[in-house]
Amino acid sequence: MDIPVTQDGVVASSEQLPVFPALVTRILATLEDPDASLTLLAQYIEHDPVITARVLSLANRAATHRRMDTAVSDVFTAISLIGLAQVRQTALMASLSGFLDQVAPVTKRHYFWEHSVVVGVGCLELAPHAMQPTNVDAALIAGLLHDIGQLWLARFRGEAFRRACGDSQQSGAGIEHSERALFGVDHACIGAWLAAHWGLSEAIVRAIASHHAPDGQADEPLVAVVHVAEVLSNALDITGNAESRVTSVSAPCCAMLGLTWDDSAQQLFGRIEARSRHAMGFLR
Amino acid sequence: MRTRKLYIPIAEAHVGMVLGEDVQDNYRRPYQPAGLTLSDENLHQLAANHAEFICILAPDERSDDAIADDAAAATQRIQTIFQGADLTQPATAALLQQVLLYRSA
């Protein structure tokens with residue numbers, strides 16, 4: 001091990017990262033409360049002018065097609081027009097994709113951003129397949145943040161991380177193996193430390209921690225959702241990244257999601273690809 | 001004419017396209033049937049329902065040779081992505097087959 005990475009070191013250096021969006025933890029808190037009001041969500045979103053603009057843009061597009069005479073100018077009206085779930089997911093996507101864009105080093109920004117959005121969309125598609133009830137918003141957050149540990153490595157251990165990427169390319173093994181050889185831990189572990197530090201739920205932390213090695217925890221639906229979404233992002237090559245690789249898909253995770261990889265998979269692939277392109281077009 | 005099913009973001013939908021699958025609302029109720037030729041009104045309805053994508057039956061004007069070339073290029077790319085995969089695992093092998101089928105369509 002050349003350059004050990006420790007939990008204390010990761011947490012300490014996270015202070016140098018852009019501030020984790022408070023909107024995400026606030027929305028997560030409302031998910032635990034079924035009585036959380038529409039007004040409360042509107043208030044949270046209106047604290048952030050960038051997210052507010054995204055939500056109003058979406059609502060105004062719908063309003064135009066419904067031939068409404070007046071423009072939508074407040075989040076409360078937007079929620080009543082396009083629905084609570086849609087507004088919540090739009091806010092989460094815009095907020096976290098903006099955060100990832102700020103965290104990623106310039107050279108890796110484009111790929112990380114696109115890959116995270118595709119995995120987030122994959123999680124939205126896969127969560128309803130789970131054999132146990134799974135919160136789609138938590139799945140979206142876990143999917144968008146699953147590789148945050150790689151962003152940390154690229155930012156704070158740049159040269160060694162590039163070496164790990166090169167080793168992985170040469171050997172054909174997953175990047176996590178090269179990372180463990182160099183740093184003692186992999187990006188999934190680092191991402192989980194960061195997620196825990198930011199106060200995200202234990203289910204999200206475990207899903208990030210296990211996305212490359214999920215078999216021991218495949219009975220947790222969020223673990224299965226993030227793992228399979230990540231594999232599909234690479235398998236379908238939606239980002240066109242030359243480094244995309246698939247080493248395996250966990251059979252227990254597939255079983256948790258009722259996926260048997262027969263012809264019904266064609267529709268799932270199409271939905272993930274089209275929704276990903278839609279999301280990337282909207283968020284750019 | 002030969003056709004193929006394509007899933008496209010809603011921004012790429014236009015009048016005259018033919019739906020390849022039913023379009024469903026958030027409650028999985030179909031509101032536009034497969035086979036429908038999209039009109040301006042249908043596009044407004046899709047946008048008003050916040051549709052993010054649709055499946056269309058797209059005319060496939062490629063020659064047989066072009067189809068074969070596209071499929072070969074896609075197969076090569078997918079094999080590169082799966083080159084380190086453990087294909088003795090049934091789930092991984094089955095996933096590879098479905099991805100090959102999807103990209104060769």
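Is A:Asp237 buried or exposed? I will start there and then move on to the contact between the chains. This is a predicted model, and everything I say is about that model.

A:Asp237 is in chain A, in the loop that runs between helix H14, residues 221-236, and helix H15, residues 251-256. The answer is that A:Asp237 is buried, because 20 other C-beta atoms lie within 10 Å, and 20 or more is the cut-off for that word. The backbone here also deserves a remark. Most residues other than glycine have a negative phi. A:Asp237 is not a glycine, yet its phi is positive, about 60 degrees.

Chain A has another case of this kind. A:Trp261 is a residue other than glycine, and its phi is positive, near 55 degrees. You will find A:Trp261 in the loop between H15 and helix H16, residues 265-283, of chain A. A:Trp261 counts as partly exposed, because it has 19 other C-beta atoms within 10 Å.

Now to helix H4 of chain A. H4(A) covers residues 49-65, which is 17 residues. From first C-alpha to last it reaches 24 Å, close to the 24 Å expected at 1.5 Å a residue. Which residues of H4(A) are buried? They are A:Ile51, A:Arg54, A:Val55, A:Leu58, A:Ala59 and A:Ala63. What do these buried residues pack against? In chain A, their partners are helix H2 (22-31), helix H3 (38-46), helix H5 (75-82) and helix H6 (84-103). After H4(A) comes A:Arg67, with a positive phi near 60 degrees.

H4(A) also meets chain B. The partner there is helix H1 of chain B, residues 40-48. The two axes come within 8 Å and cross at roughly 145 degrees, and the crossing is left-handed. On the chain A side, the residues involved are A:Arg61, A:Ala62 and A:His65; on the chain B side they are B:His44, B:Ala47 and B:Ala48.

Next, the interface as a whole. How many residues of chain B are in contact with chain A? There are 28, and they touch 32 residues of chain A. On the chain B side, at least two residues each come from strand E1 (3-9), H1, strand E5 (53-59), helix H2 (64-81) and helix H3 (90-103). H3(B) gives the most, with eight residues. The chain B side divides into 18 nonpolar, seven polar and three charged residues.

As for the layout of chain B, there are two domains to point out. Domain 1 spans 3-59 and domain 2 spans 64-103. Taken over C-alpha atoms, the centres of domain 1 and domain 2 of chain B are 28 Å apart.

Last, one residue in chain B. Where is B:Asp22? B:Asp22 sits in the loop between strand E2 (18-19) and strand E3 (23-24) of chain B. B:Asp22 counts as partly exposed because it has 16 C-beta neighbours inside 10 Å. Leaving aside residues up to four places away in sequence, B:Asp22 touches B:Pro30, B:Gln32, B:Pro33 and B:Ala34. B:Ile54 is 32 residues from B:Asp22 along the chain, and their C-alpha atoms are separated by 8.6 Å.

That is the end of the tour.

How values were computed: Residues are numbered from 1 along each chain as its sequence is written. Chains are lettered from A and ligands numbered from 1 in the order in which they are written. This is a predicted model: local features need pLDDT of at least 70, side-chain atom pairs count only at pLDDT 80 or more; totals for chains, interfaces and linings use all residues. Helices (H or I, at least four residues) and strands (E, at least two) are DSSP runs, numbered from the N terminus. The expected span of a helix is 1.5 Å times one less than its number of residues. A residue is buried if 20 or more other C-beta atoms lie within 10 Å of its own, exposed if 12 or fewer, and partly exposed in between; C-beta atoms are placed from the backbone. Two residues are in contact if their C-beta atoms, placed from the backbone, lie within 7 Å. Axes are lines fitted to C-alpha atoms, for helices over the stretch in contact, and angles run from 0 to 180 degrees between N-to-C directions. A crossing is left-handed if the near helix is turned anticlockwise from the far one by less than a right angle, and right-handed if clockwise. Ala, Val, Leu, Ile, Met, Phe, Trp, Tyr, Cys and Pro count as nonpolar, Asp, Glu, Lys and Arg as charged, and the others, Gly among them, as polar. Domain bounds come from an automatic or database domain assignment.
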